[in-house]
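Subject: Handover of a structure and notes on its features

Dear colleague,

Please find the structure below, followed by an account of what was found in it.

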Amino acid sequence: MTRSSAFPVATLTQGSSGLQLEAVALADIAARFGTPTYVYSRAALEMAWQNWAKALVGRDTLVCYAVKANSNLGILNVFARLGAGFDIVSGGELSRVLAAGGAADKVVFSGVGKSRAEMQQALRAGVRCFNLESPAELDRIESVAAEIGVRAPIAFRVNPDVDPKTHPYISTGLRDNKFGVAFDEALALYRKAAASRHVKISGIACHIGSQLLDPAPMAEAAAKIRGLVEKLESEGITLEHIDLGGGLGIRYDDEQPPGMSDYTAPLLAAMEGRKEQLCFEPGRSLVGNAGLLLTQVEYLKHSPTKNFAIVDAAMNDLARPALYNAYHEMVAVKPGTATAQSYEIVGPICESGDFLGHDRQLALAEGDLIAILSAGAYGMAMSSNYNTRGRCAEVMVDGDKMHLVRQRESIESLYALESVLP
Ligand SMILES: *Cc1c(COP(=O)(O)O)cnc(C)c1O
């Protein structure tokens with residue numbers, strides 16, 4: 001394995017008191033806020049944003065951060081200040097975006113199961129576009145818009161039927177999955193929408209999957225989408241924007257994700273000469289490597305064949321290893337005096353699937369801190385209270401300051417909504 005020696009988290013360095021994010025020692029964060037704690041770097045978030053902005057300069061574009069990757073208000077607010085749009089998949093995410101200072105008219109609403117209440121909320125808020133994923137959703141948005149007396153801005157999420165070559169759970173653009181409308185069905189749906197008094201055709205969208213490491217499938221999808229846009233145009237159906245979705249991968253281990261412009265250049269080329277605004281919906285590539293999960297070793301345990309480090313973070317805090325067998329790099333926060341050996345890094349949950357990493361060469365002692373890297377995306381956002389564990393605190397580092405952007409959940413809060421029989 002040709003593991004790069006640089007941390008995938010850009011603003012993480014080895015300082016005199018161990019690992020530090022920007023100018024804050026991780027040990028100080030643990031001392032002040034406890035563990036397990038998610039820690040984000042504002043500078044890393046802004047660098048990831050600027051990477052996107054630089055790659056798209058000179059073209060009319062809108063980058064809509066995919067809120068589901070990490071929906072903490074502090075993170076949303078950093079992106080809102082940078083002028084981001086937002087890609088949401090629920091009414092709850094819309095409320096978060098507005099609470100964090102995001103602009104409704106830069107919000108695109110994705111997802112296969114939008115409820116009437118969510119459509120009403122989003123129409124009243126004035127979102128920029130509903131990305132519809134089925135004929136039934138068109139019927140429903142027409143009826144909700146008619147009720148409110150507005151025209152709903154819509155796009156269809158078209159399924160370009162390309163193989164993104166990623167994990168099957170996060171591949172979404174193939175013909176037989178639940179997302180989007182079939183390519184061959186799209187034309188008829190646009191004709192129907194064009195004849196409706198209650199919707200206004202605003203664009204077209206596609207999103208083929210997540211953690212894409214090869215730019216070719218997305219470029220192929222863009223070419224197919226362009227073909228459809230031109231077909232629509234020939235029928236007098238014009239669009240304001242073309243949304244090419246999210247999905248750009250990041251480095252967790254030894255992956256070689258495309259450089260930013262290696263990813264965007266073929267997409268811009270596929271749309272050369274088109275006047276529509278180009279939208280993107282990146283999630284992971286904006287936040288994944290701007291965050292880490294800080295955890296402490298509770299116990300070391302040695303079986304005849306394996307060494308276990310039982311840490312205070314678990315699959316409820318970071319589900320990706322248990323869910324996708326995903327790899328997260330782990331680094332001891334302070335170099336220890338113990339000798340490095342191979343450890344299974346596991347949590348306290350009563351499931352054999354509760355592991356965070358296999359076969360990690362680490363020098364560990366009880367009480368040591370470990371930074372689990374590349375945990376900014378689909379980390380906290382997918383966490384749960386399984387085993388009645390309060391979810392992590394979240395801290396954002398900004399230069400030499402640390403800001404608590406979410407308190408650790410108290411145990412009482414976990415059952416505050418429950419009651420016993422009278
Ligand atoms: C999940 C999702 C995204 C973001 O994907 P990333 O891989 O995190 O960039 C964008 N658009 C839609 C419709 C999604 O479902």
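How far apart do the C-alpha centres of domain 1 and domain 2 lie? The distance between these two centres is 36 Å. The contact between the domains takes nine residues from domain 1 and seven residues from domain 2, where contact means heavy atoms within 4.5 Å. Domain 1 comprises 12–41 + 288–414, and domain 2 comprises 110–282; such bounds come from an automatic or database domain assignment.

Two remarks on the basis of these notes are needed at this point. The model is predicted, so local features need pLDDT of at least 70 and side-chain atom pairs count only at pLDDT 80 or more, while totals for chains, interfaces and linings use all residues. Residues are numbered from 1 along each chain as its sequence is written, and side-chain values use heavy atoms, with hydrogens and water left out.

The second largest pocket

A pocket is defined on a 1 Å grid over the protein atoms alone, as an open set of points where a 1.4 Å probe fits, with protein on both sides within 12 Å along at least five of seven lines; lining residues have an atom within 4 Å of a point. The second largest pocket holds about 460 Å³ of space, a volume being the space filled by probe spheres set on the points, which are joined across faces, edges and corners. Because domain 1 and domain 2 both give residues to its lining, this pocket lies between them.

The lining of the second largest pocket consists of 23 residues, and Pro-8, Asn-51, Ile-250, Ser-285 and Asn-289 lie nearest the centre. Helix H2 (42–55) and helix H10 (284–287) each supply at least two residues of this lining, and H2 gives the most, with five residues. Helices (H or I, at least four residues) and strands (E, at least two) are DSSP runs, numbered from the N terminus. By class, the lining has 16 nonpolar, six polar and one charged residues. Here Ala, Val, Leu, Ile, Met, Phe, Trp, Tyr, Cys and Pro count as nonpolar, Asp, Glu, Lys and Arg as charged, and the others, Gly among them, as polar.

Annotated positions

UniProt, in an unreviewed entry, lists Lys-68 for "modified residue: N6-(pyridoxal phosphate)lysine". UniProt positions follow the numbering used here, feature names are shortened, and annotations may be inferred rather than shown by experiment. Lys-68 is found in the loop between strand S5 (61–66) and helix H3 (73–81). Lys-68 counts as partly exposed because its relative accessibility is 38%; buried means under 20% relative accessible area, exposed over 50%, and partly exposed in between (1.4 Å probe, protein chains only). Not counting residues up to four places away in sequence, Lys-68 touches Val-89, Glu-93, Tyr-378 and Ala-381.

The unreviewed UniProt entry also places the feature "binding site" at Arg-284, Arg-320, Tyr-324, Glu-351 and Tyr-378. These positions are spread over 95 residues of sequence and are also spread in space, with up to 27.3 Å between C-alpha atoms. Arg-284 is found in helix H10 and counts as buried, at 4% relative accessibility. Tyr-378 has its place in the loop between strand S19 (369–372) and strand S20 (393–398), and is likewise buried, with a relative accessible area of 12%. With residues up to four places away in sequence left out, Tyr-378 touches Lys-68, Ala-69, Arg-284 and Arg-320.

Backbone features and a buried leucine

Most residues other than glycine have a negative phi, and most peptide bonds are trans. A cis peptide bond joins Thr-35 and Pro-36, with omega about -5 degrees. Pro-36 lies in the loop between helix H1 (26–33) and strand S4 (37–41). Among the residues in contact with Leu-293 are Pro-36, Thr-37 and Tyr-38. Leu-293 is found in strand S14 (residues 291–302) and is buried, with a relative accessible area of 0%.

Positive phi values occur at Gln-211, near 55 degrees, and at Asp-359, near 50 degrees. Gln-211 is found in the loop between strand S11 (199–205) and helix H8 (216–234) and is buried, with a relative accessible area of 11%. Asp-359 has its place in strand S18 (residues 355–362).

Yours sincerely
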